[in-house]
Amino acid sequence: MRNKATAAGNLLQRTCCPYFYDTNQPCNKRQLGSGCAATGGFSRQLAVVGQSEACIATNSPDMAVAMRVLDAVVETVQADGTSRSIPIAEFHRLPGDTPHIETALEPGDLITAVTLPPPAGGTYIYRKVRDRASYAFALVSVAAVVRPDGTGRVALGGVAHKPWRVEAAEAEMPRGAKAAMAAILTNARPAHENAFEVTLAERTLHAVLAEART
C-alpha cells in the first residue's frame with residue numbers, strides 16, 4: 001500500500017491511536033476539548049516522548065522517519081503561486097494544546113516535491129519492530145546513517161507524535177546504543193503499558209549499529 005501512495009501521501013498519513021479511530025471515544029484530535037481517552041487507557045503503541053496532556057498518539061508513516069534522518073525538505077505551492085520550502089524537522093508538529101494541527105501546512109498548500117540533500121556518507125539502515133510481520137504500525141523504528149567512525153544520525157518512529165530526532169544526542173552514537181538512546185529519550189514519560197518502548201528502542205538501535213559494522 002505504501003508503494004502505491006505518493007511521497008506526500010505517505011508523509012501526511014494520520015497519527016496512530018485506537019481512540020482516534022474509534023469515533024465513540026473522546027479525542028482532542030477529532031474534537032478539540034473533548035478529552036483524550038488514550039490517557040489512562042490502552043497505551044501499548046502510544047507515545048513515550050513529546051506527548052502532551054491533550055494527546056499521546058504517535059506518528060505512523062515509516063517514510064517520515066527515514067526522511068527525517070535524511071533532512072528532507074517539503075516543497076509546497078499555494079493557489080496564488082506562493083511557494084514554501086519546509087524542512088522535514090518543522091513539517092510535523094508535536095501535539096501541545098492543538099493536537100488537531102498535525103503539520104506546518106497552511107490552508108491551500110499543495111505539496112509539489114520532497115527533496116533530499118546530497119548523501120551524508122556512511123551506511124543507511126531502517127529497522128522496524130512491530131507486533132506482526134505485515135500491516136502493522138511500528139512499536140519502535142530506527143532510521144540511521146552510521147559512518148565508519150561510529151558517528152552519524154538517528155531518528156525514531158513509533159515513540160512520538162512526529163518522527164523523533166535529537167541532533168545534539170547524536171554525538172553519543174560512538175559510545176553505543178545505551179548512551180545514545182539515553183540522550184535521545186532523556187525526556188521520555190512512558191504510560192503504564194508502553195514503558196517497554198524505551199528499552200526496545202535501545203535494543204533496536206544496538207542491532208542497527210551492529211549491522212552497520214558488518
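1. Before anything else, a definition: two strands count as paired if DSSP finds at least two bridges between them. Helices (H or I, at least four residues) and strands (E, at least two) are DSSP runs, numbered from the N terminus.

2. Housekeeping: this is a predicted model, where local features need pLDDT of at least 70 and side-chain atom pairs count only at pLDDT 80 or more, while totals for chains, interfaces and linings use all residues. Residues are numbered from 1 along each chain as its sequence is written, and side-chain values use heavy atoms, with hydrogens and water left out.

3. Start with E1 (residues 73–77). Five bridges tie E1 to E3 (residues 110–115) in antiparallel fashion, and Val73 has Thr115 as its bridge partner in E3. E1 also pairs antiparallel with E2 (residues 83–87), again over five bridges, with Glu75 opposite Ser85. Five residues separate the strands in the E1–E2 hairpin, and Gly81 there has a positive phi near 90°.

4. Now the open sheet: three strands in the order E4-E5-E6, with antiparallel pairing. E4 and E6 are at the edges with a single partner strand each, so one side of each has no neighbour in the sheet. On average, neighbouring strands here are turned by 10° against each other, direction ignored. E4 and E5 share seven bridges, and Ile125 has Ala144 as its partner in E5.

5. What packs on that sheet? H3 does, touching E4, E5 and E6, with its direction at about 155° to that of E6. (Contact means heavy atoms within 4.5 Å; axes are lines fitted to C-alpha atoms, for helices over the stretch in contact, and angles run from 0 to 180 degrees between N-to-C directions.) H6 also lies across E4, E5 and E6, running at about 35° to E5.

6. A closer look at H6 (residues 196–213): its 18 residues reach 26 Å from first C-alpha to last, close to the 26 Å expected at 1.5 Å a residue; that expected span is 1.5 Å times one less than the number of residues. Its buried residues include Leu200, Thr204, Leu205 and Val208, where buried means under 20% relative accessible area, exposed over 50% and partly exposed in between (1.4 Å probe, protein chains only). The buried residues of H6 pack against E4, E5, E6 and helix H5 (177–184).

7. Last, Leu32, in the loop between H2 (18–21) and H3 (62–69). Leu32 is partly exposed, at 46% relative accessible area. Leu32 touches Asp97, Pro99 and His100, leaving aside residues up to four places away in sequence. Leu32 and Asp97 are 65 residues apart in sequence and 8.8 Å apart in space, C-alpha to C-alpha.
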